[in-house]
Amino acid sequence: MALRRMVKTALAAGLRWTGANSVIETLNATKHIPLVIGYHSVVEDIRMHQGRAILPNLVSLRMLERQLDWLGQHFRFLTLDELGQRLENGDSFNEPLAAVTFDDGYAGVYHHALPLLKRKGIPAGIFVVTETLGRRHLQIYDKLFLLLSRALPMIQYDADRLTTLCERHQVPLARRHGLKDVIGDPFATMRLFFTTLTQKQLRRAIEALETIVQVRDEDFPALQSLTWDMVRALDRAGMTIGSHTQTHALLTLENPKRMTNQIVGSLLTLQEKLGKPVAHFAYPDGRFNPSVVSCVAEAGYRFGYTTCLHRDLRYPSLTIPRKIFWENSSLDPFDGFSSILMHCHAHWIFDMFHRCQQDHSDRQGNGHSSTPLHKKEERASAVISSFI
């Protein structure tokens, strides 16, 4: 990890020194679009959660403040509604603008982030998974990660044993290419499950793992979701409340009926509970294709947020790029805060080197396609190479 940070920091410094970062911003077409930041869970001290949470989903309160302070020095914060209005009006973005969001609906946003945001006068939005709100249930990916963290050592990180265990519960792991490559890492194994299995299959995988190990949801208070009273308090405090589906299903993996239920059901629940329209939607894991975007549009959402630079040209306001931050996003090799790394992340510099790995094509083949902002990737890479 330290070596990776060292390489990344050196790369960031080199790009800054040579001026290549400015070239990349131009080629990425990110100079004149607002920066939308995404976080997940906010905790007091990330060191207390080693082995007890998905670390890339966490940011400590101290680091969140450092990152927001840096952003505030280089961008003007705006609300999601203001951002959306400007996009709909076709306004130009000639000044650096940033919006802050949180995904999934962790209670830490209420306990830790809200007081910080109010003190600094920073607006924010949160996208909630409606069926977890007010319940002591872990998010499905948290539960899967915790079970794998305990089960994999018990089966000696044997991919064949895990495959056999899951297939007894009708989970088709034999077709999961790459399982043997990731089996030694519970997080990577969880990601393989999470990004290739339907949610029904994921729940069966959890049932399979629970035959050999148990995880009690109530033992992980930092991973608990907001209550509806907390959601209403966030709404009263001025935080924009948006949808993140009913159960955090990856919509590109689900059949059309379930996809529609996830998108529409969460909208209706939020509007009923909050007593107001809901205009904003975030795609779980940032995954979308033309069918998913069309369904979001038909449901009545006005704005949708992804985790990459790809856009659906039919619905640009429903595929707004968003950059996900966490604790290590701005850590240098010596565990200090790095403004150079923040600059590179805020301007999508590193994304020139490792592109979005998601398939945004429509598996149902409706003839539409999603298009990246950066259309001249090969030419861009050649230009960058000449600078570094």
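So, a nonpolar core here is a set of buried Ala, Val, Leu, Ile, Met, Phe, Trp, Tyr and Cys residues joined through side-chain atoms within 4.5 Å, where buried means under 20% relative accessible area, exposed over 50% and partly exposed in between, with a 1.4 Å probe and protein chains only. Quick housekeeping: this is a predicted model, with local features needing pLDDT of at least 70 and side-chain atom pairs 80 or more, while totals for chains, interfaces and linings use all residues. Side-chain values use heavy atoms, with hydrogens and water left out, and residues are numbered from 1 along each chain as its sequence is written.

Okay, cores. The largest one has 56 residues, and Y39, L68, L71, F102 and I126 touch the most other members. Take L71: leaving out residues up to four places away in sequence, L71 touches L35, I37, F77 and M342, contact being heavy atoms within 4.5 Å. Apart from that core lies another, of 40 residues, L146, L147, L173 and I206 among them.

Most residues other than glycine have a negative phi. Y157, though, has a positive phi, near 50 degrees. You'll find Y157 in the loop between α6 (140–154) and α7 (159–167); helices are DSSP runs of H or I, at least four residues, strands are E runs of at least two, and both are numbered from the N terminus. T245 isn't a glycine either, and its phi is positive at about 75 degrees. That one sits in the loop between β7 (240–243) and α12 (256–274).

So which of our two is buried or exposed? Y157 is partly exposed, at 36% relative accessible area, whereas T245 is buried, at 0%.
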